[in-house]
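Reader: I would like to learn how to read a model of this kind, feature by feature. Could we take each general idea and then turn to the case at hand?

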Amino acid sequence: MRAFELVTLLCLGLGSATYIPLWKPWTKLILTHHWPETFCTMEHCKQHYKYWTLHGLWPNIGQACNSSWKFNMSEIQDLKPDMDNYWPNLIHPTSAEFWKYEWHKHGTCAATTEPLNSQHKYFSKALELYKMFDLTGVLTKAGIVPAEQNYQMDAIEGAIEKAYGVKPKVQCVHPSAKAEQVQQLGQIEICVNSDFKPIDCEKSWDDLWSRVNDILLYRFRGVKGFSVCDWNMPVHYPPSMENKTWF
């Protein structure tokens with residue numbers, strides 16, 4: 001999807017065309033949480049958590065909208081304690097590369113509106129929304145906790161819908177073998193509008209294609225990733241392994 005459109009204006013006095021970039025504003029933000037233990041089945045993690053952590057705050061329009069707007073850690077230094085706790089780099093805990101990547105890919109596009117038009121505004125709003133939508137607490141209250149038992153998709157989605165009045169998008173890591181009949185709970189998206197009010201996250205044709213592509217990747221190339229959960233398949237919510245020694 002294009003981040004901007006070029007509009008041609010004819011300058012009558014000069015008799016030439018001037019191209020002015022007009023950023024197409026986003027209409028929805030996607031607050032994306034991931035379950036660290038599921039993520040860490042795909043990556044070699046250095047730290048483990050017993051709560052949902054932030055993956056990112058993504059506008060529905062645009063990616064990498066301004067390559068010249070470089071990430072500057074000094075602008076969000078006061079946010080670092082919360083960033084370390086709630087938006088950690090699971091693979092390289094002492095590195096700011098994850099935040100740099102999220103700013104470059106998503107933050108520069110979110111910043112096309114005044115409430116998010118600085119690095120500090122973008123990251124602080126993401127943290128504010130994360131604290132507002134307490135997925136760990138909501139699921140626990142509904143009796144959905146990390147365990148060896150499995151859950152049904154309607155219970156997971158229903159608990160979040162009951163708490164916030166909107167439909168989330170729940171994503172899983174799907175079994176790679178036909179004989180396996182359990183998917184791993186991996187990522188949950190909660191959507192908000194331009195006023196930061198919760199709205200339904202729509203399941204689009206893009207999600208269906210993502211699901212098909214995901215199947216092809218891990219069936220034929222052994223690559224795993226998150227995609228929309230299968231409503232008819234049990235869901236495993238893996239418990240934390242933070243006390244395990246990792247080598």
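Reader: What pLDDT does the chain average, and what percentage of the residues score at least 70?

Author: This is a predicted model, and its chain averages a pLDDT of 84, with 79% of the residues scoring at least 70. Over residues 1–22 the pLDDT falls below 50, although this stretch has 32 contacts in the model beyond near neighbours in sequence. Residues 243–247 also have a pLDDT below 50, and that stretch has 4 contacts beyond near neighbours in sequence. Where pLDDT is low, the predicted coordinates should not be read in detail.

Reader: How many helices and strands does the chain have, and what share of its residues count as buried?

Author: There are 7 helices and 10 strands in the chain, and 42% of its 247 residues count as buried. As for contacts in the chain with a separation of 6 or more, 70% of them are accounted for by residues 24 or more positions apart.

Reader: Which residues of the largest nonpolar core touch the most other members?

Author: The general idea comes first: in soluble globular proteins, nonpolar side chains tend to be buried together. Here the largest nonpolar core holds 47 residues, and Trp87, Phe123 and Leu139 are the ones that touch the most other members. At least two residues of this core come from each of strand E3 (29–34), E4, H3, helix H4 (119–132), helix H5 (135–141), helix H6 (153–164), E6 and strand E7 (183–192). The largest share, 6 residues, is supplied by H4. For tryptophan 87, leaving aside neighbours within four places in sequence, the contacts include Leu54, Leu57, Phe98, Trp99, Tyr122, Phe123 and Ala126, and also Asp82 and Glu102. A second, separate core of 7 residues includes Phe39, Cys45, Leu90 and Val173.

Reader: Which residues of H4 are buried, and against which elements do they pack?

Author: An α-helix has 3.6 residues a turn, so residues three or four places apart point the same way. In H4 the buried residues are Gln119, Tyr122, Phe123, Lys125, Ala126, Leu127, Leu129 and Tyr130, and they pack against E3, E4, H2, H3 and E7.

Reader: What span should H4 have from its number of residues?

Author: At 1.5 Å a residue, the 14 residues of H4 should span 20 Å, and this agrees with the model because the end C-alpha atoms of H4 are 20 Å apart.

Reader: How many disulfides does the structure hold, and what pattern do they follow?

Author: The structure holds 4 disulfides, and with bonded cysteines counted along the chain they follow the pattern 1-2, 3-4, 5-8, 6-7. One of them joins cysteine 40 and cysteine 45, whose sulfur atoms lie 2.0 Å apart, and with -100° about the S-S bond this link is left-handed. Cysteine 40 is buried because its relative accessible area is 7%, under the 20% cut-off, and cysteine 45 is likewise buried, at 3%.

Reader: Which parts of the chain does the pair of cysteine 65 and cysteine 109 link?

Author: These two cysteines form a disulfide with sulfur atoms 2.0 Å apart. The pair links distant parts of the chain, with cysteine 65 in the loop between strand E4 (53–59) and helix H2 (80–86) and cysteine 109 in helix H3 (residues 97–110), 44 residues apart. The torsion about the S-S bond is about 100°, so this disulfide is right-handed. Cysteine 65 is buried, with a relative accessible area of 11%, and cysteine 109 also counts as buried, at 1% relative accessibility.

Reader: Is the disulfide of cysteine 172 and cysteine 229 left-handed or right-handed?

Author: The disulfide of cysteine 172 and cysteine 229 is right-handed, because the torsion about its S-S bond is about 90°. This pair too links distant parts of the chain, 57 residues apart, with cysteine 172 in strand E6 (residues 169–173) and cysteine 229 in the loop between strand E9 (227–228) and strand E10 (235–236). Cysteine 172 counts as buried at 0% relative accessibility, as does cysteine 229 at 8%.

Reader: Is glutamate 37 buried or exposed, and which side chain does it join through a polar contact?

Author: Glutamate 37, which lies in helix H1 (residues 36–39), is buried because its relative accessible area is 4%. A polar contact of 3.0 Å joins its side chain to that of histidine 48. Not counting residues up to four places away in sequence, glutamate 37 touches His48, Tyr49, Pro238, Pro239, Ser240 and Met241.

Technical notes:
Residues numbered from 1 in each chain as written. Predicted model: local features only at pLDDT ≥ 70, side-chain atom pairs only at ≥ 80, totals over all residues. Heavy atoms only, no water. Disulfide = S-S within 2.5 Å. Buried < 20%, exposed > 50% of the residue type's maximum accessible area, 1.4 Å probe, protein only. Helix = DSSP H or I, 4+ residues; strand = E, 2+ residues; numbered from the N terminus. pLDDT = per-residue confidence, 0-100. Contact = heavy atoms within 4.5 Å. Core = buried A, V, L, I, M, F, W, Y, C linked by side-chain atoms within 4.5 Å. Expected span 1.5 Å × (residues − 1). Polar contact = N/O pair within 3.5 Å; in protein donor to acceptor, adjacent residues only side chain to side chain.
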